[in-house]
Amino acid sequence: MVVIKKDTIYDETNNLKTDIYFPNNTNSQTKILIFWHGGGWFAGSKNDVKDLGIKLANAGFMTLIPDYRLAPDFTFPAAHQDSKKFVKWLLESNYTDEDDQQNIVQIGASVGGTLAIYIAGLYGFPTVTWSASVDFSNWMKNHPNVIPSRYGANELKLTNLHDIFESFYKFFVLTYAGKDNQTIYKQMDAENYDLSNLGRLKMINSAHELVPLNGILKFVDFLANHDHEIELLIIKGKRHAMDYAKDYLDESLDFLFQTIKE
């Protein structure tokens, strides 16, 4: 029986809240998992992933799923700042003990995976990402003729899925950046985060999905050249993040359990 505590405020100034899912076996050695929802930084909510929160708690993790500010009202780096503020709140809260930082792990879906990498670089939490977006400046520079659209099939009458993906990718990057600016895009690039404390990282991506695979490979190469440990799993097909989550949840949790045991 999972106990859910909804709408715990972690940032009073911006009225940001988190839901907390408590497993049956909560104790001083409780394993803690932060799940970062996706939605292109302009959509999505903790309320969308309640079923996943229950599954994660049933797996033995006290699971926290925070909301963060969304574009276009709040552009870069608002969501990144909120993720950092959330972790600071968590570590100072009554939900963690003094030595609990070593018991915290993360899963992030889509841009939630991007936020998870940002936090992993700062705190070293073992992390799994599902379709994290990591490369923005190069992609935007190399796709000047792509027309941004949230609904490319309807708005632009696009019929090719690749074209629809590209149109949407440009839409959400522009929306979060707030304007077409290479300086902002570079700051959004995951390789430009502070990754000095990055620990174990597992990235899962589909071969032909929304997130461009060449950007993922570029990021992995960057991490390898900086002597970071990373696992990359490329799955066949065109599914994005939550579309394949149920099929790779056990594998993701196995990875995180192993990192905690080490």
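## Aromatic pairs

Counting ring pairs gives 23 aromatic pairs, where rings of Phe, Tyr and Trp (its six-membered ring) pair if their centres lie within 6.5 Å, and planes under 30 degrees apart count as stacked, over 60 as edge-to-face and the rest as tilted. Take phenylalanine 136 and tyrosine 169: their ring centres are 6.3 Å apart and their planes sit at 15°, so this pair is stacked. The two come from distant parts of the chain, 33 residues apart, with phenylalanine 136 in the loop between strand S6 (127-130) and helix H4 (137-142), and tyrosine 169 in helix H6 (residues 161-177). Helices (H or I, at least four residues) and strands (E, at least two) are DSSP runs, numbered from the N terminus.

Phenylalanine 136 and tyrosine 169 are both buried; here buried means under 20% relative accessible area, exposed over 50%, and partly exposed in between (1.4 Å probe, protein chains only). Ring pairs also link up into a cluster that holds Trp41, Phe42, Phe76, Phe136, Trp139, Phe168, Tyr169, Phe171, Phe172 and Tyr176.

## About the model

This is a predicted model, so keep the cut-offs in mind: local features need pLDDT of at least 70, side-chain atom pairs count only at pLDDT 80 or more, and totals for chains, interfaces and linings use all residues. Residues are numbered from 1 along each chain as its sequence is written, and side-chain values use heavy atoms, with hydrogens and water left out.

## The nonpolar cores

The largest nonpolar core has 57 residues, and Trp41, Ile117 and Met188 are the ones that touch the most other members. A core of this kind is a set of buried Ala, Val, Leu, Ile, Met, Phe, Trp, Tyr and Cys residues joined through side-chain atoms within 4.5 Å. Helix H3 (residues 111-123) is its top contributor, giving seven residues. Another core lies apart from it, with 25 residues, including Leu52, Ile65, Tyr248 and Leu253.

What does methionine 188 touch, leaving aside its neighbours within four places in sequence? Its contacts (heavy atoms within 4.5 Å) are Trp41, Phe76, Phe136, Val173, Tyr176, Ala177 and Tyr193.

Back in helix H3 you'll find alanine 116, which is buried at a relative accessible area of 0%. Setting aside neighbours within four places in sequence, alanine 116 is in contact with Trp36, Gln106, Gly108 and Thr127.

## Strand S4, enclosed

Six of the six residues of strand S4 (residues 61-66) are buried, so S4 is largely enclosed by the rest of the structure. As a rule, side chains in a regular strand alternate between the two faces of the sheet. In S4 both faces are covered: Phe61, Thr63 and Ile65 are buried on one side, and Met62, Leu64 and Pro66 on the other.

Now for the partners of S4. Strand S2 (residues 16-22) pairs with S4 in the antiparallel sense over four bridges, and strand S3 (residues 31-36) pairs with S4 in the parallel sense, again over four bridges; two strands pair if DSSP finds at least two bridges between them. Threonine 63 is the S4 bridge partner of tyrosine 21 and also that of leucine 33. S3, helix H1 (residues 50-58) and S4 form a right-handed β-α-β unit, meaning that, with the strands pointing away from the viewer, the path from the first strand over the helix to the second runs clockwise.

## Salt bridges

Side chains of opposite charge can pair when their charged atoms come close. The whole structure has twelve salt bridges, each being a side-chain nitrogen of Lys or Arg within 4 Å of a carboxyl oxygen of Asp or Glu. In one of them, lysine 6 meets aspartate 19 at 3.0 Å, N to O. Lysine 6 lies in strand S1 (residues 3-11) and aspartate 19 in strand S2, so the pair ties together parts 13 residues apart in sequence. Lysine 6 is partly exposed at 47%, whereas aspartate 19 is buried at 0%. Aspartate 19 also forms a salt bridge with lysine 46, with the closest N and O atoms 3.0 Å apart. Lysine 46 sits in the loop between S3 and H1, 27 residues from aspartate 19, and is buried at 2%.

Another salt bridge joins lysine 202 and glutamate 231 (3.2 Å, N to O). Lysine 202 is in strand S7 (residues 201-206) and glutamate 231 in strand S8 (residues 230-235), so parts 29 residues apart in sequence are tied together. Through shared partners, salt bridges join Arg200, Lys202, Glu229, Glu231 and Glu251 into one network.
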